[in-house]
Amino acid sequence: MALQVTGGVGCCCPPGSARRLPQAAALCRPPRAVVSGATRVVEEDEGKVRLGGSGVAVTKLGIGAWSWGDTTYWNDSEWDDRRLREAQDAFDASIDNGMTFFDTAEVYGTALMGAVNSETLLGGFIKERQQKDQIEVSVATKFAALPWRFGRGSVLSALKKSLDRLGLASVELYQLHWPGIWGNEGYLDGLADAYEQGLVKAVGVSNYNEKRLRDAHARLKKRGVPLAANQVNYSLIYRTPELNGVKAACDELGITLIAYSPIAQGVLTGKYTPENPPTGPRANTYTPEFLAKLQPLMNRIKEIGASYGKSPTQVSLNWLTCQGNVVPIPGAKNASQAKEFAGALGWSLTGDEVEELRTLAREIKGIRMPIEES
């Protein structure tokens, strides 16, 4: 029997409304989001949301597979059997807890320093699980806009290699990982070609600013291909998509915003403090000074979470789902993390709480991602 995904949260209750009673939550849930009178942004269906104007519906919370096999940013520069088992446990726990949307990329776990390609790992996890259960999994992967790749044919070539690694005939979503130095129009044509050939069920972009997003939407529209998603860095403490027009453009054009680093690479879990900062590359951004400024916000997140019986991680993810038209994809390195992420669904912060946290987060400065300004 195919896995049935239920539950989830569409958005938050308005200020002052009841927040814990299921009846009140049902009453305060708004109708399906619409833009300009007709354009449907998301459509709820058995705990799923539709990606933009495509025919693809995914779970309201996905799982990012950036860390799987990686040795350059995650895993303390080492990939071993223990980490492999933990990643597979994270995959299985995600499925068991109703999260069946997985995001990977051809460059995750590139063949450096003992790394293993994330697509290869994900494909293996899917195959092994399908030998035990009849499951439905949605896969998103990405094309790397490397300077030596030219034209639409490079997109199709890279996609076919990704499909081989995944062991799949097609994927639900194929995205341009970042804007290329040149050749972006050709890359978009390649996405449309892949869509028309049935190799992908939906297409998207990633790290696109508002202008690039609108241009991509217009070019694909001429081919009759909907731009389903823009995957960008978005969290309570990194709200650039709200400030640079990307979130508003996604809502206007009917493009789903997929939020990567939705718990700020673990910083919003409450695990890190000025005395215990993260190690590795993250230490360059999340310094003890930054973490000291973060503490008032973290304290309030913990207080709100306690009133719901939820962790800071779950509060932070729920805050994102409350923005509407957003699918967070936190990275799960083990089963415990995956299970915790699932607890972000099925309940909702109030509108007052959402705005209070946003106000506190405005005091947090110092995070920049230049790729979105290109």
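This is a short tour of the chain, stop by stop.

**Before you start.** You are looking at a predicted model, in which local features need pLDDT of at least 70, side-chain atom pairs count only at pLDDT 80 or more, and totals for chains, interfaces and linings use all residues. Numbering runs from 1 along each chain as its sequence is written, and side-chain values use heavy atoms, with hydrogens and water left out.

**The whole chain.** Show everything as a cartoon. You will see twelve helices and twelve strands; these are DSSP runs numbered from the N terminus, with helices being H or I of at least four residues and strands E of at least two. Of the 374 residues, 56% count as buried, meaning under 20% relative accessible area, with exposed over 50% and partly exposed in between (1.4 Å probe, protein chains only). Among contacts with a separation of 6 or more, 77% join residues 24 or more positions apart; a contact means heavy atoms within 4.5 Å.

**Stop 1: helix 4.** Select residues 151-166. This helix has 16 residues and reaches 24 Å from its first C-alpha to its last, close to the 22 Å expected at 1.5 Å a residue (the expected span is 1.5 Å times one less than the number of residues). Now show side chains: the buried ones include Leu156, Leu159, Leu163 and Leu166. Just after the helix, click on Gly167, which takes a positive phi of about 70 degrees.

**Stop 2: two loop residues.** Go to Ala264, in the loop between strand 11 (256-260) and helix 9 (288-308). Its phi is near 55 degrees, a positive value in a residue other than glycine. Ala264 counts as buried, at 2% relative accessibility. Next, pick Asn325, in the loop between helix 10 and strand 12 (326-328). Asn325 also has a positive phi, near 60 degrees, and it counts as buried at 7% relative accessibility.

**Stop 3: helix 11.** Select residues 335-342, where Ala335, Ala338, Phe341 and Ala342 are the buried residues. Look down the helix axis: these residues fall within an arc of 125 degrees, so they line one face of the helix. The arc is taken from the directions from the helix axis to the C-beta atoms. An α-helix has 3.6 residues a turn, so residues three or four places apart point the same way. What covers the buried residues of helix 11? Strand 5 (63-64), helix 2 (81-96) and helix 10 (312-321) are among the elements that do.
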